[in-house]
Amino acid sequence: MATLKIFFFVLLIQCTVFTGSSRQLKKSNINIESYGDYTFNVISFGAIGDGKKDDSKGFKRAWDAACDSSTPSPTFLVPQGKTFLLQPLTFNGKHCNSNNITFQIDGRIIAPTKPSTWECNTNCHHWIGFQNFDGLHIQGSGIINGQGDNWWKLSCKDNQKVIVYIVVEAHKILHYGKTFLLGFTDIYMSIALCNSRANFGNQRYGFMIGHSKNVDIKGLTFEDSPKMHLAFEDSTSIHATQLAIKAPGNSPNTDGIHIQRSANVSIHNTTIQTGDDCISVGDGSKYINITNIECGPGHGISIGSLGIMGKTEEVEFVHVRNVSFHGTTNGVRIKTWQGGHGHARNIRFEDITSHASTRPIVIDQYYCPHKQCKNQTSAVEISNIAYENINGTSHKETAVQLSCSESSPCRNITMKNINLRNEKQKGKTSSYCLNAHGLRNGRVHPNVPCLDKHDNF
């Protein structure tokens, strides 16, 4: 009997060590690399995958083991046929032994359903993050679902009304008990989320890659993020392809892909259906290549917004090609705030098809979605913008809008082979021009009179 007790005691110790971090695994002399030829399956490290229990610790243990592995190419595996519930989690590659790590995501990953149950204290910058990698491959047939419905339901306007009510009726609050207070927490977090753009860049992302280089992401489906679905920040040499991004057309601020302070980024062969920009290119971004994109519903592909609160912000060397817009509020758009500084330049849009987009071509140096902006003289400079082979239909009569600043006009705008018709059979299309200068060549319909006709460019 004593021998049996000792056996169970030893077994208990071994099990406790195995479910700890990779450093504990090494101390126990367990070969962490024996589980599937250098594949670190989250199930083997304690994740359940029933969609109900929090699997964050199992993911962290698997990541610690993969990061500490001496193999040159470890694989972190999220297996198919399972649904994993994750709290906000960041994978940091700074001290990993390998520079060639693969995340194979074939299962389904979901976020907590209620904003109040997100365990991120005061920092909800992202849900799933990857930082400090040089050589990262994220791939698979899996689904990343942010379960953003409860975030979207609480609009800023509605939340503010609730807060006013709470203040006025403060003496009644305690009678509602804990259930009411939990609901108040949801409202508070939703206010922080939906007001993030007014807080000057305090974005929240579903899936974020930051401070990294040489990253490939392929094959995944992203759904219903509380806010932006996928973001690249402070990174270089990022290649994204064969992605699907989906959210309802009325879901607020759910950009498909956002690029910020990053260079040499390519996005190819991707379908995006959201409630905001399909792709947005923000400050500090350059050498961006976007091709073969299906966009809609959504707000189109946008450069900016740039220059909020007088900031100096810059975007340059962007190429957008072979894109189809389906019922979007905009097609290709450049948007800047009054009072800003910096530039948006050397940007090319070509081989674009619009299917009933509200405004297929837009430059807006008076961008102000909240309608509380004051007239200011300075503006982000916009120059060297080319539009070529843009065809299809416009939902409204004004198919081309060039709204530029008097103090800083748009310069060297070129258009070639533009043919945008009204989606209504007998409807007309027109253009709006203000302080825009440049050239047009070939057929340009509707006519854009502020651009001089020229036959040699």
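A: This is a predicted model. Asp64 and Lys60 both belong to helix α3, where they lie four residues apart, about one turn of the helix.

Q: What do the side chains of Asp64 and Lys60 form?
A: They meet in a salt bridge, at 3.1 Å from N to O.

Q: And is Asp64 buried or exposed?
A: Asp64 has a relative accessibility of 12%, so it counts as buried, the limit being under 20%. Lys60, with a relative accessible area of 46%, is partly exposed.

Q: Which residue does Asp277 form a salt bridge with?
A: Its partner is Lys335, and the closest N and O atoms are 3.2 Å apart. This pair links distant parts of the chain, 58 residues apart: Asp277 is in the loop between β18 and β19, while Lys335 is in strand β23. Asp277 counts as buried at 0% relative accessibility, and Lys335 counts as buried at 2%.

Q: How many salt bridges are there?
A: The count comes to ten.

Q: New topic: which residues have the most contacts inside the largest nonpolar core?
A: They are Phe59 and Tyr387, in a core of 92 residues. Helix α3 supplies the largest share of this core, six residues.

Q: What is Phe59 in contact with, beyond its neighbours within four places in sequence?
A: Its contacts include Val42, Phe76, Leu89 and Ile109.

Q: Why is strand β27 largely enclosed?
A: Five of its six residues are buried, so the rest of the structure largely encloses β27.

Q: Which strands pair with β27?
A: Strand β25 runs parallel to β27 and is joined to it by four bridges. Strand β29 also pairs with β27 in the parallel sense, over five bridges.

Terms used: Residues are numbered from 1 along each chain as its sequence is written. This is a predicted model: local features need pLDDT of at least 70, side-chain atom pairs count only at pLDDT 80 or more; totals for chains, interfaces and linings use all residues. Side-chain values use heavy atoms; hydrogens and water are left out. A nonpolar core is a set of buried Ala, Val, Leu, Ile, Met, Phe, Trp, Tyr and Cys residues joined through side-chain atoms within 4.5 Å. Buried means under 20% relative accessible area, exposed over 50%, partly exposed in between (1.4 Å probe, protein chains only). Helices (H or I, at least four residues) and strands (E, at least two) are DSSP runs, numbered from the N terminus. Contact means heavy atoms within 4.5 Å. Two strands pair if DSSP finds at least two bridges between them. A salt bridge is a side-chain nitrogen of Lys or Arg within 4 Å of a carboxyl oxygen of Asp or Glu.
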